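This report describes selected features of a predicted model.

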Amino acid sequence: MESNAEMRALDAAARGDTTLLGDLLSQHSDRLRRIAQARIDPRIAARLGPDDVLQEAFLDVARRIGEYLEQRNAQSEERLPFFLWVRLLTRQVIARLHREHLGALKRDAGREARSPRQALGCTTVLIAHQLASSHTTPTGALRRIEQREAVAVALERLSEDDREVLMLRHYEELSNQEIATLLGVTESGASMRHLRALTRLKAITADLELSQ
Amino acid sequence: MAREEELAKYVDEAERRVAAEGTLDLEAFLAEAPDELRDELHKLISMILVLRPKRPGGPPSAPRAPLDDLPGYDIYRRLAPGSKGDAYLAWSEALERWVTLHVLPAPEGSGESRLTERVRDLERVAQFDHANVVPVLDVGQFGELIYVATEPIDGETLSETVSRMRDQRGGPGRSARAVAAGASGPLTFQDLARIVRTIALIVEVARTRGLRLEGLNPGDVCLDGSGKPWLQSLAFRLATPPPAGAYPPSDGAREDVQQIGLFLYELLTLRPAIETARDAGANHLTGPRQIDRSIPKGLESIAQRACAPEPAGRQASAAVLAEELDHFAKRVPPRGLFRGLRSWLRASPR
């Protein structure tokens with residue numbers, strides 16, 4: 001399960017040398033930054049960037065690596081693979097920061113300028129906006145805007161479970177094995193969930209295009 | 001159910017390819033799938049291509065595929081590219097230690113014999129032992145690639161420092177003090193002179209061992225945590241004897257001086273000399289102080305002489321260049337002493 005690099009970094013950390021652990025975190029930082037970017041509520045995105053989240057998350061890793069190493073040493077079945085454990089800490093940091101910042105925003109939430117797209121639901125819109133803004137086929141600017149809008153609305157209409165599996169797969173870019181671990185299903189089960197979510201997204205997008 | 005499983009298998013494979021290669025030739029991919037799945041797959045994979053965010057610079061910086069199978073090495077991550085090729089942090093199974101693995105492209109006009117010859121040359125260059133030269137641990141050939149494993153140096157290459165400072169200053173040529181605040185702390189012009197002096201002294205010793213510089217650039221020099229400069233031995237090649245009857249007779253010393261001069265020029269101006277020459281017209285280098293007025297005249301003069309187009313205009317050897325840089329570093333201007341004294345008197349409080 002552990003790559004050689006992870007094994008060496010964690011073995012060294014267990015001996016008190018955390019240099020390689022720092023390297024390992026740097027290696028994961030692009031993926032973690034994307035996760036943070038996708039999950040930060042747009043209402044506070046202006047004051048809180050992905051790097052702020054990563055900084056907090058890495059501090060938490062430093063504070064809690066002892067617990068993780070104990071679980072590893074005890075060969076606990078509950079232990080997550082290292083990347084997924086760091087991802088979990090990152091999500092916890094985001095939740096904490098949301099509580100702090102959005103709590104402060106409550107009193108003037110009405111005055112907070114929110115675009116209609118943000119009002120649709122931050123996660124969905126953000127994913128759709130960032131994902132659909134990229135193109136690997138040249139279809140023209142207008143077509144891109146239409147597609148972006150259609151995907152945003154279609155994602156909004158999907159169930160939470162479908163949306164989450166697409167998010168994990170396409171935005172967080174987790175491997176099928178990692179998604180299976182997170183969802184507690186087999187790898188083929190994770191593949192099927194993804195396929196079904198994708199099929200439903202495609203159907204909704206097609207309906208939207210027909211109705212336009 | 002079987003159809004769904006089959007679809008999921010193809011969707012997973014399409015995603016894997018998009019993630020690894022940054023793109024997918026949809027038509028070619030669909031041609032591999034059974035007829036009855038093609039329409040459905042076309043729609044699903046088109047949706048994946050819309051969903052997949054485009055990353056600047058293509059797929060993540062994974063090592064090039066051929067390296068994954070390099071026997072005896074476990075590639076860990078890509079490092080800042082060196083001047084001669086890509087570099088990776090890797091674990092050597094034979095040595096049971098971390099190494100920096102430099103991967104060099106095949107030499108031009110390659111063929112098996114040319115490749116073998118290049119590896120043999122590198123093995124001889126690798127024998128050069130010097131306190132400021134990064135020790136080489138292994139040299140080998142893998143397919144059409146040549147790899148050189150060296151001691152990993154914990155620090156920053158001068159090219160990383162230069163490029164970071166250039167970005168921070170918003171353009172080339174802002175204060176070369178510059179090179180200041182690199183990983184190993186602030187660098188003054190005196191520090192810069194000391195670093196280039198060390199390089200010049202290494203080149204002088206290397207010349208006595210039959211080695212010549214083969215393109216020196218800031219990516220070849222790394223400063224460790226204590227500020228000690230380390231030169232990659234890949235910056236050298238075996239000296240070739242001059243053609244019989246060549247005039248004037250040359251042992252290549254002044255060619256080495258010019259390469260060190262261009263290296264110094266880039267560190268001072270934060271621009272590769274070749275770029276400056278191209279902007280200003282061929283065979284002409286803009287004076288470093290025209291790019292940055294804070295560069296001391298003494299250092300500018302040393303760099304300009306070393307870069308002189310005619311060999312006779314340059315310092316006679318790397319040792320002479322080192323001596324001039326030493327004078328500068330010790331704040332003993334070799335020339336213009338009185339002008340310097342006047343400036344100092346004007347600037348001093350009365």
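**Chain B as a whole**

In chain B, 61% of the contacts with a separation of 6 or more are made by residues 24 or more positions apart. The chain contains 13 helices and 10 strands. Of its 350 residues, 45% count as buried.

Helix α1 of chain A covers residues 4–14, and its buried residues are A:A5, A:E6, A:R8, A:A9, A:L10, A:A12 and A:A13. In general, an α-helix has 3.6 residues a turn, so residues three or four places apart point the same way. Just after α1(A), A:G16 adopts a positive phi of about 100°.

Helix α2 of chain A comprises 21 residues, 19–39, and at 1.5 Å a residue it should span 30 Å; the C-alpha atoms at its ends are 29 Å apart, which agrees with that expectation.

The angle between the two is about 140°, and their axes lie 10 Å apart. Their crossing is right-handed. On the α2(A) side the contacting residues are A:R34, A:Q37, A:A38 and A:R39, which meet A:E164, A:M167, A:L168 and A:Y171 in α8(A).

**Salt bridges**

Over all chains, a search of the whole structure finds 32 salt bridges. Three of them are set out below, with the distance between nitrogen and oxygen.

| Pair | N to O distance |
|---|---|
| A:E56 and A:R96 | 3.2 Å |
| A:R169 and B:E15 | 2.3 Å |
| B:R212 and B:D256 | 3.3 Å |

A:E56 and A:R96 form a salt bridge within chain A. This pair links distant parts of the chain, with A:E56 in helix α3 (residues 50–73) and A:R96 in helix α4 (residues 82–105), 40 residues apart.

The salt bridge of A:R169 with B:E15 has its closest N and O atoms 2.3 Å apart. It crosses between chains, from helix α8 (residues 160–171) of chain A, which holds A:R169, to helix α1 (residues 2–21) of chain B, which holds B:E15. Buried means under 20% relative accessible area. A:R169, at 4%, is therefore buried. B:E15 is buried too, with a relative accessible area of 6%.

In chain B, the side chains of B:R212 and B:D256 meet in a salt bridge. Here too distant parts of the chain are linked: B:R212 is in strand β7 (residues 211–213) and B:D256 is in helix α8 (residues 253–269), 44 residues apart. B:R212 has a relative accessible area of 12%, so it is buried. B:D256 counts as buried at 1% relative accessibility.

A:K202 is located in helix α10 of chain A, which runs over residues 187–211. Is this lysine buried or exposed? Its relative accessibility is 15%, so A:K202 counts as buried. Apart from its neighbours within four places in sequence, A:K202 is in contact with B:E40, B:K43, B:L44 and B:M47.

Most residues other than glycine have a negative phi. A:E173 is not a glycine, yet its phi is positive, at about 55°. A:E173 is found in the loop between α8 and α9 (176–183) of chain A.

B:L270 likewise has a positive phi, of about 65°, although it is not a glycine. This leucine lies in the loop between α8 and α9 (273–280) of chain B. With a relative accessibility of 0%, B:L270 counts as buried.

Notes
Residues are numbered from 1 along each chain as its sequence is written. Chains are lettered from A and ligands numbered from 1 in the order in which they are written. This is a predicted model: local features need pLDDT of at least 70, side-chain atom pairs count only at pLDDT 80 or more; totals for chains, interfaces and linings use all residues. Side-chain values use heavy atoms; hydrogens and water are left out. Helices (H or I, at least four residues) and strands (E, at least two) are DSSP runs, numbered from the N terminus. The expected span of a helix is 1.5 Å times one less than its number of residues. A salt bridge is a side-chain nitrogen of Lys or Arg within 4 Å of a carboxyl oxygen of Asp or Glu. Buried means under 20% relative accessible area, exposed over 50%, partly exposed in between (1.4 Å probe, protein chains only). Axes are lines fitted to C-alpha atoms, for helices over the stretch in contact, and angles run from 0 to 180 degrees between N-to-C directions. A crossing is left-handed if the near helix is turned anticlockwise from the far one by less than a right angle, and right-handed if clockwise. Contact means heavy atoms within 4.5 Å.
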